[in-house]
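Thanks for coming, everyone. Please have a look at the model on the screen, and then we will walk through it piece by piece.

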There are 2 protein chains.
Amino acid sequence: MENKETILIIDDELPIRRLLDITLGANGYNIILSVNGHEGLVDAATHNPALILLDLGLPDVDGQEILVQLREWYQKPIIILSVRNSEEDIVKALDNGANDYLTKPFRAGELMARIRAALRIVTKSDDNNLFEFGSLQIDTHNHVVKKNNDLVKLTATEYTLLVLMAQNAGRVLTHQYILKEVWGYGYVEQPQYLRVFIAQLRKKIEDEPSKPKYIITESGIGYRFSE
Amino acid sequence: MENKETILIIDDELPIRRLLDITLGANGYNIILSVNGHEGLVDAATHNPALILLDLGLPDVDGQEILVQLREWYQKPIIILSVRNSEEDIVKALDNGANDYLTKPFRAGELMARIRAALRIVTKSDDNNLFEFGSLQIDTHNHVVKKNNDLVKLTATEYTLLVLMAQNAGRVLTHQYILKEVWGYGYVEQPQYLRVFIAQLRKKIEDEPSKPKYIITESGIGYRFSE
DNA sequence: GGTAATCTTTACAACATCTTTATAAAAACG
DNA sequence: CGTTTTTATAAAGATGTTGTAAAGATTACC
């Protein structure tokens with residue numbers, strides 16, 4: 001299992017943390033651990049995880065409050081893990097934007113299956129996994145990019161950026177949006193990053209990087225991948 | 001509550017059917033009831049419900065089998081309701097494509113919240129704003145303007161101005177109003193700005209900029225976008 | 001632990017857009 | 001019809017945004 005998808009765990013109970021760390025790690029996920037709500041919010045913004053496991057009983061802030069704050073900008077799945085079993089808590093969490101709710105103690109296998117189910121929804125749109133634009137080919141299934149049938153070597157970040165743009169071909173993406181999607185919400189104010197990586201990408205995929213055909217600049221707004 | 005979304009219930013237990021029928025109906029959903037697996041498959045195909053509630057213990061076919069068959073073409077949420085509480089069943093159902101799994105007896109409020117959570121994921125997109133005026137297309141969702149299907153390159157300000165005018169097509173907008181909306185309060189006394197940008201826009205979207213079809217001058221008052 | 005690759009930051013050059021000015025053209029008005 | 005007011009257009013200068021190279025910092029990998 002080579003997922004390499006990152007899961008953020010916001011929970012202060014040591015046994016749970018340890019269990020999740022081992023179980024999720026064994027299933028090929030990258031793990032980030034936060035011990036309280038504030039740390040969790042920061043980690044979510046800086047690491048851009050594919051999914052968040054959130055405990056409601058945190059030492060500093062109520063988990064429901066963290067959930068609400070996360071949902072102001074975080075669109076990916078959030079699964080609640082909690083000892084609280086009242087209908088009120090469950091309904092509130094789900095209506096606050098949680099995708100699922102598991103009561104502790106939970107069964108590890110079930111949690112794994114629920115994580116897979118939650119991630120599947122996001123990844124589902126990937127039945128469209130081969131893009132072709134002129135001499136440029138992007139195969140997201142095999143994680144391969146070719147130009148004139150020659151393999152283009154891209155770093156992880158460059159690849160993520162290219163796929164994001166290609167998936168939204170024809171559409172203008174703002175700097176903020178791209179930064180949020182590729183680097184995480186915490187990087188929204190770093191447009192220079194984006195410029196550097198756009199320049200790198202153009203060097204690798206454009207015939208004339210100074211006269212780009214694929215990645216078009218929309219000055220003052222963002223970039224557009226040309227159809 | 002006026003959802004009018006259709007939910008298909010595939011379950012043979014009369015008390016459950018009755019309970020769901022009443023609860024879901026009270027929450028504004030349309031209900032379709034199927035008493036066995038085959039009927040459920042047919043109803044799903046003919047009614048294309050927004051969500052399916054599926055019992056695993058059906059009289060004719062195993063619910064897991066129905067789930068697999070549904071998932072061959074049905075992409076919307078499926079929530080399992082079952083008396084079976086083994087981890088094996090839960091994991092299998094989730095991996096077969098179920099979005100959620102509730103064991104009977106369940107709490108009605110929790111089920112409602114889980115239905116809302118499942119439907120929320122699907123219902124998000126599609127505020128697709130598309131204006132069409134003759135050969136001119138303005139797609140505010142993608143931030144793209146086309147003339148005779150050719151992309152028109154606009155600066156950020158030009159675009160804002162055009163969208164403002166198009167959104168108020170047929171109405172006369174005063175200089176002051178446009179200046180306030182596009183540039184802000186401090187620019188209300190700068191009608192020359194507006195003239196410069198209107199001229200730019202006309203050069204880009206009009207066939208004959210000196211005989212404008214779209215952006216009409218209302219001398220002494222402002223401009224009007226012709227319908 | 002050392003090396004290579006990648007990411008982050010900095011500085012400045014290149015470019016696009018905005019603002020201002022000047023002048024011509026058109027419309028309004030008596 | 002001539003005068004005044006309003007509008008259109010081009011172009012130059014000012015400002016802001018983007019592109020690029022390269023050095024320093026960090027991370028990944030052997």
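Helix α5 of chain A and helix α5 of chain B each supply at least two residues of the lining of the largest cavity. This is a predicted model, where local features need pLDDT of at least 70, side-chain atom pairs count only at pLDDT 80 or more, and totals for chains, interfaces and linings use all residues. Residues are numbered from 1 along each chain as its sequence is written, chains are lettered from A and ligands numbered from 1 in the order in which they are written, and side-chain values use heavy atoms, with hydrogens and water left out.

Now, what is a cavity? Rolling a probe the size of a water molecule over the atoms shows where empty space is left. On a 1 Å grid over the protein atoms alone, a cavity is a set of points where a 1.4 Å probe fits but cannot get out. A pocket is an open set with protein on both sides within 12 Å along at least five of seven lines. Lining residues have an atom within 4 Å of a point. Points are joined across faces, edges and corners, and a volume is the space filled by probe spheres set on them. Helices (H or I, at least four residues) and strands (E, at least two) are DSSP runs, numbered from the N terminus.

By this rule there are two cavities of 30 Å³ or more. The largest holds about 120 Å³ of space. Its lining includes A:R114, A:A117, B:R114 and B:A117. By type, that lining divides into six nonpolar, two polar and four charged residues. Here Ala, Val, Leu, Ile, Met, Phe, Trp, Tyr, Cys and Pro count as nonpolar, Asp, Glu, Lys and Arg as charged, and the others, Gly among them, as polar.

The second largest cavity holds about 80 Å³. Among its lining residues are A:V172, A:E218 and A:R224, along with B:H143 and B:Y159. Seven of the lining residues are nonpolar, one is polar and three are charged.

Four elements each give at least two lining residues: β5 (100-103) and α5 (108-123) of chain A, and β5 (100-103) and α5 (108-123) of chain B. The lining splits into ten nonpolar, four polar and six charged residues.

Next, rings. Rings of Phe, Tyr and Trp (its six-membered ring) pair if their centres lie within 6.5 Å; planes under 30 degrees apart count as stacked, over 60 as edge-to-face and the rest as tilted. The structure holds 15 aromatic pairs over all chains. Take A:F133 and A:F225: they are edge-to-face, 4.8 Å centre to centre, with 65 degrees between the planes. This pair links distant parts of the chain, since A:F133 sits in strand β6 (residues 130-133) of chain A and A:F225 in strand β12 (residues 222-225) of chain A, 92 residues apart. A:F133 is at 12%, so it counts as buried. A:F225 is buried too, at 0%.

Chain B gives a stacked example. B:Y214 and B:F225 are 5.9 Å centre to centre, with 15 degrees between the planes. B:Y214 lies in the loop between α8 (191-205) and β11 (215-218) of chain B and B:F225 in strand β12 (residues 222-225) of chain B, so the pair ties together parts eleven residues apart in sequence. B:Y214 is buried at 4%, and B:F225 is buried at 0%. Back in chain A, A:F131, A:F133, A:Y214 and A:F225 form one aromatic cluster.

Last stop: helix α1 (residues 14-26) of chain B. It has 13 residues and reaches 18 Å from its first C-alpha to its last, close to the 18 Å expected at 1.5 Å a residue. That expected span is 1.5 Å times one less than the number of residues. Its buried residues are B:I16, B:R17, B:L20, B:T23 and B:L24. After α1(B) comes B:G28, whose phi is positive, near 85 degrees.

Technical notes: Buried < 20%, exposed > 50% of the residue type's maximum accessible area, 1.4 Å probe, protein only.
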